[in-house]
Amino acid sequence: MSSDDERDEKELDLTSPEVVTKYKSAAEIVNKALQVVLAECKPKDKIVDICEKGDAFINEQAGSMYKNVKKKIDRGVAFPTCVSVNNTVGHFSPLASDETVLEEGDMVKIDMGCHIDGFIALVAHTHVIQEGPVTGRKADVIAAANTAAEVALRLVRPGKKNHAVTEAIQKVAEAYDCKIVEGVISHQMKQNVIDASKSFLSVSTPETRVDDAEFEENEVYAIDIVASTGDGKPKLLDEKQTTVYKKDAAVNYQLKMKASRFIISEIKEKFPHMPFTARSLEEKRARLGLVECVNHGHLQPYPVLYEKPGDFVAQIKFTVLLMPNGSDRITSHTLQEIQPTKTIDDPEIKGWLALGIKKKKGGGKKKKAKKAGEASTEAEPVEASSTAQE
């Protein structure tokens, strides 16, 4: 067996510097793509156009990398750009014919991902389309999602248990008088696997369970927090709005319709591992074939769910590498100025936020200067009086 074959046999993880580089390259692209999409989020702009620009940017940037390697490297969109507004929980990435536009004051959740050679970086961010600071319940729900994400970052570390993270996330949301949205799962990620078996819930319910697990060094997680000013029990209003799917490689059911067989072969070729949007398929045949593919388990749908009208939903998602020297959050975006109505007084939550992310270096070594824009290892809860300081 050649050394290349041996390398392919062994599961590639963060012990390989090449793997770390690919994760960080994917993260750099998706962080830039998020900025591109945010700049496009203006009143009267069509959501489908914004989603297409996000995906096109990721594919273009990823396509320019690893061009001169002998073995072809798959790269591009790992999760299609979704722009979900106000009480929409997520996964809104409409078809080209959709006329939905953004409006002044909309709370916009942008969710997207990039991969290089199957190593995935995901990010989601919440932004309100307005000048000046965000106040009231909109600010509360953004603060709830963001503070819960900061706590999760500090608790997803080697030796800690997944259920402890779930309990902490719920406690943070309650402090802001918000609910964590049911059914949202944060997954470990591996090469070509966006939802590996290790995971944790943001909120535990009788209907949703995950296996007990302990976090380990050299693992990668997408931490995904979705908070709501409503009851956190979203509903599916229209199945036709679902456009994001993922192929289930374990299913081999023989499809009956010609359109379904055509679509599934196109999906196997173009999107064997990653979620995709129906916009990327030949649209007329897709409409006919997708239903049979979903009904027989070939495709896992990412439904568009809703809280009640008037509720606001915020999402924060980032990718974290559990490195030997501590946690490395590789995707993120700075929040706009928010002024929530609630403050965090709970000493347990403050204790979690005070935990460092990086391991302290041994005595006698010089402290490495922090690069511009690098996140602090200690987080502050977003307080009612918080204002942006210049």
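Y245 and F276 are both buried in this predicted model. The two residues stand opposite each other, with F276 in strand β11. Their rings form an aromatic pair of the tilted kind. The centres lie 6.2 Å apart, and the planes make an angle of 35°. Y245 belongs to strand β10 and F276 to strand β11, so the contact ties together parts that are 31 residues apart in sequence.

Strand β10 spans residues 244-247. In a regular strand, side chains alternate between the two faces of the sheet. In β10, V244 and K246 point one way. Y245 and K247 point the other way. All four residues are buried, the two lysines included.

Strand β10 pairs with two strands. Strand β11 covers residues 276-277 and runs antiparallel to β10, joined to it by 2 bridges. Strand β12 covers residues 299-302 and is also antiparallel to β10, with 4 bridges between them. Within the β12 pairing, V244 has Y302 as its bridge partner. Y245, in turn, faces F276 of β11.

Aromatic contacts also occur elsewhere. The structure holds 6 aromatic pairs. One of them joins Y23 and F119, with ring centres 5.2 Å apart. Their planes meet at 65°, so this pair is edge-to-face. Y23 lies in helix α2 (residues 17-40) and F119 in strand β3 (residues 119-128), so the pair links parts 96 residues apart in sequence. Both partners are shielded. Y23 has 3% relative accessibility and therefore counts as buried. F119 has 1% relative accessibility and is likewise classed as buried. Three further aromatic residues, F200, F215 and Y221, form one cluster.

Charged side chains also sit over aromatic rings. K317 lies over the face of F79, at 5.2 Å from the ring centre. The charged end of R329 is placed over the ring of F318, with 5.1 Å to the centre of that ring.

Conventions: Residues numbered from 1 in each chain as written. Predicted model: local features only at pLDDT ≥ 70, side-chain atom pairs only at ≥ 80, totals over all residues. Heavy atoms only, no water. Buried < 20%, exposed > 50% of the residue type's maximum accessible area, 1.4 Å probe, protein only. Pairing = 2+ DSSP bridges. Phe/Tyr/Trp six-rings, centres within 6.5 Å; stacked < 30°, edge-to-face > 60°. Lys NZ or Arg CZ within 6 Å of the ring centre and 35° of its normal.
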